[in-house]
Amino acid sequence: MKHEMASVSHEFMSEVKAMVEKTRNTIAQEVNQQMTYLYWQLGKRINEEVLQGLRADYGKKIVTSLSRQLTADYGKSFSEKNLRKMMQFSAIFPYENNVAPLMRQLSWTHFTLLIPIADEF
């Protein structure tokens with residue numbers, strides 16, 4: 001007994017592909033928003049709780065140690081350089097109610113490009 005493959009119309013296939021692409025894009029945007037929010041929270045937490053009032057050398061050691069542990073557990077996104085960017089990010093955008101709407105429009109990459117510009121002001 002031969003099984004013939006049913007043919008799918010071009011229009012139907014296009015609609016299905018559009019649904020898949022739309023969902024993929026929505027997921028990617030949501031992941032980016034959540035990662036950007038995480039980075040803001042980490043920067044804020046480090047700035048406010050770990051480094052507040054500490055000598056610069058001691059603070060640097062804390063960031064280095066934190067980076068080593070996070071990088072071992074979660075990968076290179078948590079390098080010391082990136083943690084410092086997160087700290088700058090939360091310092092430049094200190095209020096959650098200001099940064100939340102921006103995260104819907106800008107990616108983490110956009111924010112990292114804005115940090116040096118904002119530092120100049």
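Mentor: Helices here are DSSP runs of H or I with at least four residues, numbered from the N terminus. The model is predicted, so local features need pLDDT of at least 70 and side-chain atom pairs count only at pLDDT 80 or more, while totals for chains, interfaces and linings use all residues. Residues are numbered from 1 along each chain as its sequence is written, and side-chain values use heavy atoms, with hydrogens and water left out.

Trainee: Does Ser107 count as buried or exposed?

Mentor: Buried means under 20% relative accessible area, exposed over 50%, and partly exposed in between, with a 1.4 Å probe and protein chains only. Leaving aside neighbours within four places in sequence, Ser107 is in contact (heavy atoms within 4.5 Å) with Asn32 and Thr36. Because its relative accessibility is 17%, Ser107 counts as buried.

Trainee: With which residues is Leu83 in contact, leaving aside its neighbours within four places in sequence?

Mentor: Leu83 is among the core residues that touch the most other members. With those sequence neighbours left aside, its contacts are Ile46, Val63, Leu66, Ser67, Leu70 and Phe78.

Trainee: How many aromatic pairs does the structure hold, and why is the pair of Tyr39 and Phe78 edge-to-face?

Mentor: Rings of Phe, Tyr and Trp (its six-membered ring) pair if their centres lie within 6.5 Å; planes under 30 degrees apart count as stacked, over 60 as edge-to-face and the rest as tilted. The structure holds eight such pairs. The centres of Tyr39 and Phe78 are 6.1 Å apart and their planes stand at 80°, so this pair is edge-to-face.

Trainee: Which helices hold Phe89 and Trp108?

Mentor: Their ring centres are 5.3 Å apart and the planes are at 70°, so the pair is edge-to-face. The two residues are 19 residues apart, and the pair links distant parts of the chain: Phe89 in helix H3 and Trp108 in helix H5.

How values were computed: A nonpolar core is a set of buried Ala, Val, Leu, Ile, Met, Phe, Trp, Tyr and Cys residues joined through side-chain atoms within 4.5 Å.
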